[in-house]
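Please consider the following note alongside the sequence and the model.

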Amino acid sequence: MTNDQTVYPLTSLPQPETELNNSLGNKEIQIPEPTQARSELPRISIITPSYNQGHFIEQTIRSILLQGYPNLEYIIIDGGSTDNTVEIIKQYEPWITYWISEPDNGQTHAINKGIAQATGEIIAYLNSDDYYLPGTLFKVAEYFRQFPDTDLLHGICRYVNEEGEKIGEQFANIQTLAEILDLWDVWWKKRQFVQPEVFWTRRITEKVGFFKEDLNYVMDYEYWCRILLENSIVGKIDSELSCFRFTSNQKSTHKTKVAQELLKVVFPLIWSDSNKLKLKSRMTLQGKWLYHVVLDQEVQKSLNAGEKKYFRFIKMLIIVFRNPQILLVSNLQDRIKRFVFQSNES
């Protein structure tokens, strides 16, 4: 479904039906006045994949429309919701560029359908339980105007609870392929991107293609890895851009499954000789994989079996001998030192 080309003023937006206690307060109805003409601003395409998020989606929609960004392309791909989602979308139909509600193959499929519709120079997707903070799209547009070679841009993401109350924030610190592939000392050490704060260019999408639909939890991470595989330039804005809402039923709360899928994505990338990783970086990442995934599991098996410490240590040495990359991992070096020190004391 598409709307016509009539431009409807944002002051005519319907009154919100859902009341969420978010930190925007009365600021939500303040529509900024653009300082540049629509033709001078890059088109930004925002895609919202949705399914049965009637309680939250209105806040998502309003946070995008009330940016007041004049060259916005807003696309909603709903998977055939059976709650009040479609009724809410219809209320905002005059301000939505394209929307559809039909059964699909899940969130990633919905995102890809949105990308196929998108025509913007800058692209992002915002899930139907998250929302943007005021001024975000103008900040993004201005950054890309100043630094046009940027391929991927992020800011600070605010963490909120179901009621929209701030419970934390995240400011990523990743610039290179080696960093994003380092799950152990970068991604899981609070340097990771958070999806709602990330924007990228059509230029890089044309190089890397669509999101992988066989991934259930970390399709965004895998997409960012492919972007960085292209030696892309990462930019960042030192400002809160978006809110990531923690809810009890969201996929990202399945920590074990998320970790397993992350490891599945990383494995072929750090063992490939064809990517852009330097030899030392690749060997170090392989060492970290072998240490955390192979050696740690063997140690845990030994502990569960009640084997003696020295027998366990011999097993560790055999693994290290077969996989010398592990010697590059500082954790192993510390572990050996502790073992030797404890042995001398006894």
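Predicted model: local features only at pLDDT ≥ 70, side-chain atom pairs only at ≥ 80, totals over all residues.

1. Residues are numbered from 1 along each chain as its sequence is written, and side-chain values use heavy atoms, with hydrogens and water left out.

2. The structure holds 18 aromatic pairs. The ring centres of Tyr143 and Phe147 are 4.7 Å apart with planes at 40°, so this pair is tilted. Rings of Phe, Tyr and Trp (its six-membered ring) pair if their centres lie within 6.5 Å; planes under 30 degrees apart are stacked, over 60 edge-to-face, and the rest tilted. Tyr143 is buried at 18% relative accessible area, whereas Phe147 is partly exposed at 40% (buried is under 20%, exposed over 50%, partly exposed in between; 1.4 Å probe, protein chains only).

3. Phe244 and Phe246 form an edge-to-face pair, 5.1 Å centre to centre with 75° between the planes. Phe244 is buried, at 12%, and Phe246 is partly exposed, at 34%.

4. One aromatic cluster is formed by Tyr125, Trp200, Phe211 and Tyr223.

5. Among the contacts of helix α9 with helix α10, Val294, Leu295 and Glu298 are included on the α9 side, and Arg312 and Met316 on the α10 side (contact means heavy atoms within 4.5 Å; helices are DSSP runs of H or I, at least four residues, numbered from the N terminus).

Technical notes: Helix = DSSP H or I, 4+ residues; strand = E, 2+ residues; numbered from the N terminus.
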